[in-house]
Amino acid sequence: MQSSCNSSNKKMVLQQCMTLGDESILYARANYVKLFYEINPEKFHDSYKKVKNFNHLAHRNTINTYDIAVSKLKVKDPVSKSLLQACKNLSDFSKNLADQAYPQAISFKKKSKLSPLTDKFFLEINKIVKFDHSIGKYNKYFISFKVHVKNYERALKKYIEKFKVELPENKN
């Protein structure tokens, strides 16, 4: 899967980055829904029904596979480098959410004296899982999930715009 980014490989770079980015988003969202359901089952019941059969292991394996493939891509131009970095950041964030932040949030729920139904509790959970930077007093040194998604979408759009002549019509 290792290659340099000449015009014949633009499609491969795009496909690998889109797979990694999109899988990372799905994986993180499913973990958020699962977490929020564990915290407040009544409020998140409908959302949880949509992801309760989500195959976390299969998606994680896909992320790991494409994370390795994307890290082996050799690109020279800044737009391609930006896309690869945005994908890597999103992938790392989604894996960290599942491996570290999720268990920390569950532990916080068990130890906290705050009711899980309060805004104050949710603000504390958001500090742990970094879902949204615009909720509460957010640590400016951490990038939230929503910012990672925006960065990925922006880098993807720039890549497609820059190389649209070299990419086939069907990008998937």
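The model is predicted, so local features need pLDDT of at least 70 and side-chain atom pairs pLDDT 80 or more, while totals for chains, interfaces and linings use all residues. Residues are numbered from 1 along each chain as its sequence is written, and side-chain values use heavy atoms, without hydrogens and water.

Next, display the aromatic rings. There are 11 aromatic pairs, a pair being rings of Phe, Tyr or Trp (its six-membered ring) with centres within 6.5 Å. The rings of Phe93 and Phe145 have centres 6.1 Å apart and planes at 25°, so this pair is stacked (planes under 30 degrees apart). Phe93 belongs to helix H4 (residues 78-111) and Phe145 to helix H6 (residues 145-163), 52 residues apart in the chain; helices are DSSP runs (H or I, at least four residues), numbered from the N terminus.

Now select the lining of the largest pocket, which includes Phe36, Phe44 and Phe122. A pocket is an open set of points on a 1 Å grid over the protein atoms alone, where a 1.4 Å probe fits, with protein on both sides within 12 Å along at least five of seven lines; lining residues have an atom within 4 Å of a point. The pocket holds about 170 Å³ of space, the volume filled by probe spheres set on the points. Helix H5 (119-129) gives the most to the lining, with 3 residues.

Conventions:
Helix = DSSP H or I, 4+ residues; strand = E, 2+ residues; numbered from the N terminus. Phe/Tyr/Trp six-rings, centres within 6.5 Å; stacked < 30°, edge-to-face > 60°.
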